[in-house]
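Q: I have a new model open and want to learn how to read it. Where should I start?

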Amino acid sequence: MTTTYIITDNVPAQQKTLGRVIIFIATILLVALFLIQILHKTNTITLGFENWRPTLYAYLLWSIALCWGILLIKGDRGQRALFVLPAFLFTIAMVIFPLIFSVYISLHDWNLSAFEGQKFNGLDNFRALLVDEYYWNSMLNMVYYLVAILFEYAIAFGLALLLNSQIVARKFFRVVFLMPLMLSPVAVSWMLGKSLMEYRFGPAANLARHLGWESPAFFSSPEIARFSIMVLDAWTFIPFMMIMLLAGLQALPREVLEASKVDGASGWQSFKEIVFPLMLPVSVTAVVIRIIFKLKLADVIINVTSGGPGGATDSVTSFIFREYRDRSNVGYGTMMAVVYLIIIIILMTLMLKLIDRWMQKVT
Amino acid sequence: MDAKSYMNQSSPGVNLVIYRILIYGALLFWAFLCLFPIYWTITTSFKTAVSVTQGHLIPWFDFTPKWIGFRSLGLSPETIFQISTVREEFLKRFFNSVITSVSASVLAVMLGSLAAYGLSRFQYKLGFVKNSDISFFFLSQMILPPVVLALPFLVLYRELALLDSTIGLIMLYALMVLPIVIWIMRDQFSTIPIELEEAGLVDGLNVWGVFMRIVLPISFPGMVAAFILCLVLSWNEYFFAALLTSADAKTLPVMVASQTGSQGINWWSMAALSTAAIAPLAIIGVFLESYIVKGLSTGAVK
């Protein structure tokens, strides 16, 4: 959606020149400082700063100069560019540069606790990764965790339907149902994982004993531990999908639902034939966003099981976290992360393409 | 669906009652699942070791509440006016969290709203890059798992002397929530009728004047929604904080996590700490729930 504002391009030539000069000077300054710092760090020259912080300030200065210069050169057009430019420069600095840097790190044998510093070792990290059982095991765990989203989705849909039906105190229930989402995963790992589900005194364990499970150890056998982590994560994130689905339900056209009631369709039928198909686009959005969040899953695992028993609950993120924390192995850890990112990008692109095609066929 | 099978046999009245019971039963059951852990945590902070091991649940009925958990944090009525190193440590982490999450959210909402407005109103063209590409560039950041950035940032921040600094954390959190802000705000701006802005332009304002005077006041609720969502995400963030901070800039989740390991049966102090860590957002959740719902509903309905 765009408007056709009248663009008056009446910037004086003098002002344009000034703008160009400002950008030019700032660029020279940034490049010069960068080069000096590189030379200083490689011990070619003594001139330079102790750390890279001044280069950061130079980038900041350059960004301001760039915005100002564009404003001077382009006039009205510049004013518009200024809306997007700050966020753009920020993201470039914070993502693109570190990403390139991460590829550089991943090709090195780099241990932060070792004295000898980094050493280029080409694809050695990658070769090590290919045969790293624990890495692929954590990848497999991610598949299990992703499958759990289907169940979360079913529960979230059920809750959304409940909240959307004719009930009193709807606002109360909505606030209560949303509550788990507000709690920090770290606190949740203690509240649920380490005390409620604690083997000796936890109420959940006591309840399980009452129900006939003799030794309710939620985190000692691989399958049950994985399931418990899924439950903890689901508890926090079900409200997230629930709210999206609820918004979708509330936006459904009333007439369609009424019409289906008049036709004598039963509750289940009207859900299957009308509500569910109409909710497909919302469902897809909710599930896709949930997948994105699930791929980052780590906090609960790090704090409750540390990946155990025997790596059965490890997510890729928690595995890399420990690789760094226990071994300071930055090079190998980064290689694992980069490979993870590449896999994610490929799968997400494929998934979105498939969904697109599928949605076109359905609707 | 049991309710349905009754539909054909019994009278509508009975059927309705059973239907209601099922609905409210399900609602109450889930409400219990949501609230019990919170209830458990809060009450446990008042329990002595005996009450914990015996699984006492109801205060005054089967155990006498004591300020035991909050005393260990230096926050109970008797200790609040005394000097307490634990309390100092706790307050430092608490305010670190407040400063980090609020600043990051403000930064992200500012940058994100501007970008979202630009992208929803103007046509940009830079070589082959168009609006949709810029939008994709921003939104695609969402799928970037934190772990990919974590280690490079660790090395970079060390070189930049930003390790264990609040500023460094603020920038990272702002980056993390920026796509969400852009997503929400683009949706918000597209609901504002363009005629309003055209009227402003006719009155002699430039595009920034229009944005500040006309668009900003209208879209303010949307910004609050985005802000609160950012606040929730950055308050609860643990992964980056655990990797990049140690002594000075450590946030509350890191403190909570570092205490969980070796406490044994010292549950009351963990419970008190958890209660204090979740309280701010729980309160926000109760009072500003409609904004959170608004923020999360973005994109669900087109």
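The dialogue below goes from confidence to chains, domains and contacts.

Q: What kind of model is this, and what are its ipTM and pTM?
A: This is a predicted model. It scores ipTM 0.88 and pTM 0.89.

Q: How do I read confidence along the chains, and what is the mean pLDDT of chain A?
A: Start with the general idea. Where pLDDT is low, the predicted coordinates should not be read in detail. Now the case here. Chain A has a mean pLDDT of 86, with 96% of its residues at 70 or more. For chain B the mean is 85, and 93% of residues reach 70 or more.

Q: Which elements of chain A have the lowest and the highest mean pLDDT?
A: The lowest belongs to helix α10 of chain A, residues 254–262, with a mean of 74. The highest belongs to helix α5 of chain A, residues 133–164, with 93.

Q: Where does pLDDT stay under 50 in chain A, and where in chain B?
A: In chain A, over residues 1–5. The model has nine contacts beyond four places in sequence for that stretch. In chain B, pLDDT stays under 50 over residues 1–10. That stretch has 14 contacts beyond four places in sequence. Keep the general rule in mind: coordinates at low pLDDT should not be read in detail.

Q: Next, secondary structure. How many helices and strands does chain A have?
A: Chain A has 15 helices and two strands. Chain B also comes to 15 helices and two strands.

Q: Which domains does the assignment give for chain A?
A: Domain 1 covers 13–106 and domain 2 covers 130–362. Their C-alpha centres lie 41 Å apart. Four residues of domain 1 of chain A are in contact with six residues of domain 2 of chain A. On the domain 1 side, two are nonpolar, two are polar and none is charged.

Q: And which domains does the assignment give for chain B?
A: Domain 1 is 2–72 and domain 2 is 85–297. The C-alpha centres of these two domains of chain B lie 34 Å apart. Eleven residues of domain 1 of chain B and nine of domain 2 of chain B make the contact.

Q: Which elements give two or more residues to the domain 1 side in chain B?
A: They are α2 (12–44), α3 (49–53) and α4 (68–72) of chain B. Of these, α4(B) gives the most, with four residues. The residues on this side of domain 1 of chain B divide into five nonpolar, five polar and one charged.

Q: How do I describe two packed helices, and at what angle do α9(A) and α15(B) pack?
A: Two packed helices are described by the angle between their axes and the distance between the axes. Helix α9 of chain A (residues 222–250) packs against helix α15 of chain B (residues 289–297) at about 75°, with the axes 9 Å apart. Angles of 65 to 115 degrees count as roughly perpendicular. The two helices, α9(A) and α15(B), are therefore roughly perpendicular to each other.

Q: Which residues make that contact between α9(A) and α15(B)?
A: From α9(A), they are A:Phe240, A:Ile243, A:Met244 and A:Ala247. From α15(B), they are B:Val293, B:Leu296 and B:Ser297. Six of the contact residues are nonpolar, one is polar and none is charged.

Technical notes:
Residues numbered from 1 in each chain as written. Chains lettered and ligands numbered in written order. Predicted model: local features only at pLDDT ≥ 70, side-chain atom pairs only at ≥ 80, totals over all residues. Axes fitted to C-alpha atoms, helices over the stretch in contact; angles between N-to-C directions. Parallel < 35°, antiparallel > 145°, perpendicular 65-115°, else oblique. Contact = placed C-beta atoms within 7 Å. Nonpolar A, V, L, I, M, F, W, Y, C, P; charged D, E, K, R; others polar. Domains from an automatic or database assignment. pLDDT = per-residue confidence, 0-100.
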